[in-house]
Amino acid sequence: MPSYITKILLFVWILIQLVSCNSIKYVQENENLLKDNKLVINGEKNKDSKIESYLSQKPNRKTIGIPLPLYFYNFGNEDFEMTFEEWMEVHPKKYNRYESLFSKKQTFIIYKNKRTVNNWFLNKGEAPVIYDPLKTSRSANTLKDYFISKGFFEAEVNFDTLKVGEKELEVTYNIETNTQYLIDSVSTEIESSVIDSIYMANNQNSFLKKGKPFVFEDFEKEEARLVNLFRNSGIYHFKNFSMGFWTDSIKGSYMKNVLLKIPDRLVNRNDSVIKLPYKTQFVKNINVYTDFSITDQNRKVKDSVSYKGYNFYSFEKMKFKPKHLMNSLFITPEGMYKDSEKRQTQNYIRNLKTFSSSIDISYVENDDETLTADVYLTPLKKYGITVDLDATTSNIKPFGILGKFSFLGRNIFKGSEILELSLQGSLFNLANDPSNSNNFFNGWEVLSSASLRFPRILFPINTSKLIPKYMAPTTNFDANLSFQKNVGLDRQTTTAGMAYDWKSSKKVSHRIDLINLQYIKNQNVDNYFFIYKSEYDKLADAEASIGVDVLPPNEPENYQEILEIMEDFLNDPQNAADYPEEYDSVSDVNERHDILIEDSFVPVISYSFAYNTRENINDNDFSYFTARFISSGTFSNWIFPNKNELGQRTLRDVPIAQYIKTEFEYKKYWELPDQNILVFRTFMGAAFPYGNSSDIPFSRSYYAGGSNDIRAWRTFDLGPGGEFNNLEYKVATFKLVSNLEYRFKLSNKINSAVFIDAGNIWDITNSNLVSEEGKFTSLSSLQYTAVGSGFGLRYDFGFLVFRFDIGFKTYEPYLPSGSRWFVNYNFGNAVYNIGINYPF
């Protein structure tokens, strides 16, 4: 066994030994630590983790079989003195020693810090779970109730306890389910003919059918289905208590008959109770109060507008256009009453982000049995300003300070539009400073952006039949301008775009970027050889091999001289014959230089599709898939008539980038016992240049590494493929990455994870700048898949998660064959990643 694995296993073994002997530290003499719960169902071990959730008492949470939160708690001291005076009394020698070295005030601070650290362990850890026979008995009864709810009416549950160590005990619940009861028949007694006809027309969707198990949950689902069905079929007065199920058993069998009873509704009228049949009711009037607040209940409205059957009221001057606000309402005049229309209206208006999320919609029954719907909306503040300050870190920018000023404007054109303006500035410390300044903050970046969102599709023709309003469509206009100083080649980027977003269902969303224009200008190409030092080193190697000494020092002010020397060498055909290897190397440097300093104009059209099964923020068992199709320069031949000397379409002498790109990403989350989560993620992307372009713009190429990617390598440090090179920024045209991460709790706020990342980038354009090892030519190229593994800690602040991950180089595809596994698997060559929130 390799020595590094032996060391790791020894470290883990020692750690387990140190903490395991301490697991009963706070278990008293007459108590037992609940070590484990076992469930045996009909003689077999339980495999359904959901059943264990019905137990009233569970052992301390475990990770890989180890109760780490308990060990964390045991680092603290339950009996730590609560006051300084108590501590002085209990520890007189310690107090006197501290006071002789420090003042009394400083000794108090030492005590206070000790108490804080002690309480932190107790609060973040998990106290030992002491076996409680009453809770165990309660658990047995709960389990019996659970199996009865599944149709096992004769289920039997008992439990046994077993000593498994000093002050440690495990509980085994023995469950005999016996025979499960089934539904023999389903009949109805429905007095209202309207209700009966609706029921019969939709009976095929019933959860209760002959031969199915008699499961309580199915009755709850059927009740919810019927209430939803009737209340979305115009039956305004139907409630959960309007119906009931009666059952009886068939003698000598394990079958039950089910009877659904729905009587007519009872109404108080003239001091007496009468029965009235249910009726289909319609909404006659719709009143919308556009600026309601609780203090306006007794005020008179000042402004009102009627539009297409809707009545809009305002207590001040009307600030919303009825035409656009009507688009938010799914309740229709003279339309049948539907519960779903109320929910759709509330959800749609919340998504506008113009009104308070508390949207009250109430119905009043009129004398003619029609309904009036009253919609009460409370506008949010029209304008908002926020200022943020943050610290940043990356392998390129070790430390930085970021400030952001944002302006938000609501209802800009009286149609619930949202305008956002922001100005963001960053100061940072660069590892490589092209300016050679002595300032700590030797680089900066400024980004200004503007976005305008319309809650509808803006298009010359009506798209409401193709994308109806229930899909919550939006039109987004975005523009931003950024400047950099002492960052790479000091890139200036200008971007403008128009996009449509909508959701065709709860799980499926779409986005079309009708146009996204990006102009990239490198303002300081004199930094090229200073930033890409490996390129200068290749020129120096060629110079040394030839035996000359003409290159000046690698400083930005010498850029033009270095360029002239390189071009003079390449322009002499004799050099190609006399020094073929050196000539090829210098030629590659020249070609890569021309690619990386080139300004570019990228006009993109794209479509994105996303499928997400996540029900809500607490759902940790779901899958997510997204696909994106991108085309740049699609209509260049028709829009841009000008060409340069190379025959490329240009805009103001800047080449138009032409490429097609496809990207796919899949994520799967599994929720495991004890709030642990297993996550799998895979990403694949490919870019194909065509027409104008022989390569992909640097900003649109793929890179590998970083805190959200393959964490054992820094950003831009990996690839392409198995090629070994010293390039500072490694990019390519094809990327394949997969991640597997197991997340588990250490304490209430502290989580941890172990992970494996695998993947790489490759070239698929057959570029002469990339070796064969860096190209993806067949499935055999997957032998150059890099593998990283590691672990991390995450602290949950509630509103964000602070993440620290350590990635170890497990398989390095650029090393010689046979010497790629675990060569640099150590802390010295590990990559330490800091991030905010989870990587995926």
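What percentage of the 840 residues of the protein chain count as buried?

## Overall description

In this predicted model, 44% of the 840 residues of the protein chain count as buried. The accessible surface of the chain comes to about 44700 Å², and carbon and sulfur atoms contribute 55% of that area.

The C-alpha trace spans about 110 × 80 × 65 Å along its principal axes. The chain contains 17 helices and 33 strands. Among contacts with a separation of 6 or more, 63% come from residues 24 or more positions apart.

## Geometry of helices H14 and H16

Two packed helices are described by the angle between their axes and the distance between the axes. Helix H14 covers residues 559-571, and helix H16 covers residues 580-597. Their axes come within 10 Å and cross at roughly 130°. The crossing in which H14 passes H16 is left-handed.

## Residues at the helix contact

From H14, the residues taking part in the contact are Tyr559, Leu563, Met566, Phe569 and Leu570. On the H16 side they meet Glu582, Tyr583, Val586, Ser587, Val589, Asn590, His593 and Ile597. By class, the residues of the contact of H14 with H16 comprise nine nonpolar, three polar and one charged.

Note on methods: Residues are numbered from 1 along each chain as its sequence is written. This is a predicted model: local features need pLDDT of at least 70, side-chain atom pairs count only at pLDDT 80 or more; totals for chains, interfaces and linings use all residues. Side-chain values use heavy atoms; hydrogens and water are left out. Axes are lines fitted to C-alpha atoms, for helices over the stretch in contact, and angles run from 0 to 180 degrees between N-to-C directions. Helices (H or I, at least four residues) and strands (E, at least two) are DSSP runs, numbered from the N terminus. A crossing is left-handed if the near helix is turned anticlockwise from the far one by less than a right angle, and right-handed if clockwise. Contact means heavy atoms within 4.5 Å. Ala, Val, Leu, Ile, Met, Phe, Trp, Tyr, Cys and Pro count as nonpolar, Asp, Glu, Lys and Arg as charged, and the others, Gly among them, as polar. Buried means under 20% relative accessible area, exposed over 50%, partly exposed in between (1.4 Å probe, protein chains only). Accessible areas come from the Shrake-Rupley method with a 1.4 Å probe; for residues, only the protein chains shown count as cover.
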